[in-house]
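The sequence and structure come first.

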Amino acid sequence: MSDLSSATRRIKSVQDEIGKIIVGQNEVVEGVLICLLGGGHVLLEGVPGLGKTTLLRTLSRVLHLRYSRIQFTPDLMPADIVGSMIMDTDDRGSKSFRFQAGPIFSNLVLADEINRATPKTQSALLEAMQERTVTSGTTTHQLESPFLVMATQNPIEMEGTYPLPEAQLDRFLMKILVRYPNRADLATIVERTITKDEPILEPKLDVEGILSLRKLCREVLIAPHVQDFAVDLVMATQPDQGHAHPLAKKYIRYGSSPRGAQSLVECGRVLALMRGRTHLSVEDIVSVAPAVLRHRVILNFDAHADGHTTETILPEILKGVAAQATASR
């Protein structure tokens, strides 16, 4: 019990410290922390100026982690991300090759406007995101833990962009929509802008602390009915399954992969710990489901023709599965 209360308190202190810089956006901050503690990666979608870049930079200071930023552009090459072999010459004139590590070798990596790079460059992240390794020639280099890729994309400027392939989208634990702040938060942002004193951030966790929290998250208990709920929810998005929701059969082309069910459980465990519990609940699954599933569902032409998006379809599927789970208890 002491470990639980201590973990919840430490996570809350990190959120409060980030709040000194990031105003509002509590759901975004919570989602990024869930991905970090869940051992996954996060995709943020929002218009420029909402604090996406500032968030990760602030997180690196609060958690005392190494941070790097990669600005994705059409001319960016894979070697600019993972690194390349360079030739060294010693005092005697002998030449040898040495691997020069790229910016991917950090704890927190910001892939800014990831959809502006070509598919070849985007794919350079795949091995690093999934295997936590980088292969150069015949040598495989291990990335340090913890390792989080936070990618951002702008939803309004589609000209000159390359949509992320589904295989890479599926490797993001969550896709979080960054929305505009409300009036009170916007007023606070303006007040802080005109204030001369800049907030001083204090490190609240280190690598050892993060890894211990990860271990504690994996000890969160999962009851059979909660596990069944996660499985039923994923299967309800798959149009060719007998348990598919009517909206899935009508509007979804491809449903969530099995990785979606794994992600629901992993993210739910972290959220349960944040809420001070050592067991996963259906409510935790419901809370993380939109961010976990929205990028794992591909809609068909009829959905677009009828004006539907994942934001209109997923809540209805979630509601239907929750009603069935309640009725079966």
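A crossing of two helices is called left-handed if the near helix is turned anticlockwise from the far one by less than a right angle, and right-handed if clockwise.

## Basis of the model

This is a predicted model, in which local features need pLDDT of at least 70 and side-chain atom pairs count only at pLDDT 80 or more, while totals for chains, interfaces and linings use all residues. Residues are numbered from 1 along each chain as its sequence is written, and side-chain values use heavy atoms, with hydrogens and water left out. Helices (H or I, at least four residues) and strands (E, at least two) are DSSP runs, numbered from the N terminus.

## Helices α12 and α13

Helix α12 covers residues 258-274 and helix α13 residues 282-293; their axes come within 9 Å and cross at roughly 125°. Axes are lines fitted to C-alpha atoms, for helices over the stretch in contact, and angles run from 0 to 180 degrees between N-to-C directions. The angle makes α12 oblique to α13; angles under 35 degrees count as roughly parallel, over 145 as roughly antiparallel, 65 to 115 as roughly perpendicular and the rest as oblique. The crossing of α12 and α13 is right-handed.

On the α12 side, the contact (heavy atoms within 4.5 Å) is made by G260, S263, L264, V265, C267, G268, L271 and A272. The α13 side contributes D284, I285, S287, V288, A289 and V292.

## The parallel sheet

An open sheet is formed by five strands in the order β2-β5-β8-β1-β9, with parallel pairing. Two strands pair if DSSP finds at least two bridges between them. β2 (67-71) and β9 (174-177) are the edge strands, each pairing on one side only. From one strand to the next, the twist averages 20°.

Strand β1 (residues 42-45) is joined to β9 by four bridges and to β8 (residues 148-153) by four bridges, again in the parallel sense. V42 has M174 as its bridge partner in β9 and stands opposite M150 in β8. For L44, the partner in β9 is I176. In a regular strand the side chains alternate between the two faces of the sheet. In β1, V42 and L44 point one way, L43 and E45 point the other way, and all are buried. Buried means under 20% relative accessible area, exposed over 50%, and partly exposed in between (1.4 Å probe, protein chains only).

## Helix α6

Helix α6 (residues 124-131) has A124, L125, A128 and M129 buried. Seen down the axis of α6, these residues fall within an arc of 105°, so they line one face of the helix; the arc is that of the directions from the helix axis to the C-beta atoms. Among the elements covering them are α4 (79-82), β5 (108-112), α5 (119-122), β6 (133-136), β8 and α7 (166-169).

## Backbone exceptions and an exposed lysine

Most residues other than glycine have a negative phi, and most peptide bonds are trans. R132, in the loop between α6 and β6, has a positive phi of about 60° although it is not a glycine. H64 has a positive phi of about 55°. H64 is found in the loop between α3 (52-63) and β2 and is exposed, with a relative accessible area of 58%. The peptide bond from S145 to P146 is cis, with omega near 0°; P146 is found in the loop between β7 (139-142) and β8.

K215 lies in helix α9 (residues 207-217) and is exposed, at a relative accessible area of 52%. K215 and P239 are 24 residues apart in sequence and 36 Å apart in space, C-alpha to C-alpha.
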